[in-house]
Amino acid sequence: MNAAVQAWLISQLGPKTDLVDLNTRYTRLGTARATAIEVIRERLAALRAQPSTINVSSVVGVSYVENIKAYERLLASLVAGDDPAPDDPTDPCDDGGNALGLVYLVERPRR
């Protein structure tokens, strides 16, 4: 994992993320996006396994619902590829709009 990939992963996952764990996952998975998705899914599963709200009458109330929603939004963004990772493959058809394509014509049935 190079410095650009590590910086991207830290920006997606937070500065307190274990770098040794990230390096191990990156080596196993091969891409930064797959690594980030796996970590976010693991964090989301851990939050879902706990009660989402805890209330003690007139003492304290804690809710993790917004944290769960934030992780779901981040996961959707990563899966959609909104924020490009440094090691994402480039689009082979992205040549500035000068691509030549094929259009297949299908004959319609006539009366």
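**Close-up views of a predicted model**

**View 1. Y104 is exposed, with a relative accessible area of 68%.** The class rests on relative accessible area (buried under 20%, partly exposed in between, exposed over 50%; 1.4 Å probe, protein chains only). The structure is a predicted model, in which local features need pLDDT of at least 70 and side-chain atom pairs count only at pLDDT 80 or more, whereas totals for chains, interfaces and linings use all residues. Residues are numbered from 1 along each chain as its sequence is written, and side-chain values use heavy atoms, with hydrogens and water left out. Y104 belongs to the segment after helix 4; helices (DSSP runs of H or I, at least four residues) and strands (runs of E, at least two) are numbered from the N terminus. From C-alpha to C-alpha, Y104 is 31 Å from D82, and 22 residues separate the two in sequence.

**View 2. L105 also belongs to the segment after helix 4, which spans 65-80.** The relative accessibility of L105 is 81%, and the residue therefore counts as exposed.

**View 3. Helix 1 (residues 3-13) packs against helix 2 (residues 19-29).** The angle between them is about 115°, and their axes are 11 Å apart. Each axis is a line fitted to the C-alpha atoms, for helices over the stretch in contact, and angles run from 0 to 180 degrees between N-to-C directions. The two helices are therefore roughly perpendicular to each other; by convention, angles under 35 degrees are roughly parallel, those over 145 roughly antiparallel, those from 65 to 115 roughly perpendicular, and the rest oblique. From helix 1, V5, Q6, L9, I10 and L13 meet L19, L22 and Y26 of helix 2, where contact means heavy atoms within 4.5 Å. These contact residues comprise seven nonpolar, one polar and no charged. In this division Ala, Val, Leu, Ile, Met, Phe, Trp, Tyr, Cys and Pro are nonpolar, Asp, Glu, Lys and Arg are charged, and the others, Gly among them, are polar.

**View 4. T17 occupies the loop between helix 1 and helix 2.** With a relative accessible area of 12%, T17 is buried. A polar atom of the T17 side chain lies 3.2 Å from the backbone oxygen of L13. Residues up to four places away in sequence set aside, T17 touches I10, L22 and R43.

**View 5. Helix 2 meets helix 3 (residues 32-49), and their axes come within 8 Å.** The axes cross at roughly 120°, and helix 2 and helix 3 are therefore oblique to each other. The crossing is right-handed. Helix 2 contributes L22, R25, Y26, R28 and L29 to the contact, and helix 3 contributes A32, A34, T35, E38, V39 and E42. Six of the residues in this contact are nonpolar, one is polar and four are charged.

**View 6. R25 is found in helix 2 and is buried, with a relative accessible area of 9%.** Not counting residues up to four places away in sequence, R25 touches G30, T35, E38, V39 and E42.

**View 7. Helix 1 and helix 3 have axes that come within 10 Å and cross at roughly 25°.** That angle makes helix 1 roughly parallel to helix 3, and their crossing is right-handed. V5, W8, L9 and L13 of helix 1 meet A32, R33, T35, A36, V39, I40 and R43 of helix 3. The contact residues of this pair divide into eight nonpolar, one polar and two charged.

**View 8. S58 lies in the loop between strand 1 (53-56) and strand 2 (60-63).** Although S58 is a residue other than glycine, its phi has a positive value, near 60°. Most residues other than glycine have a negative phi. S58 counts as exposed, at 83% relative accessibility.

**View 9. E72 has its place in helix 4.** Its relative accessible area is 34%, and E72 is therefore partly exposed. Neighbours within four places in sequence left aside, E72 is in contact with L44 and R48. E72 and V5 are 67 residues apart in sequence, and their C-alpha atoms are 22 Å apart in space.

Conventions
Polar contact = N/O pair within 3.5 Å; in protein donor to acceptor, adjacent residues only side chain to side chain. Left-handed = near helix turned anticlockwise from the far one by under 90°.
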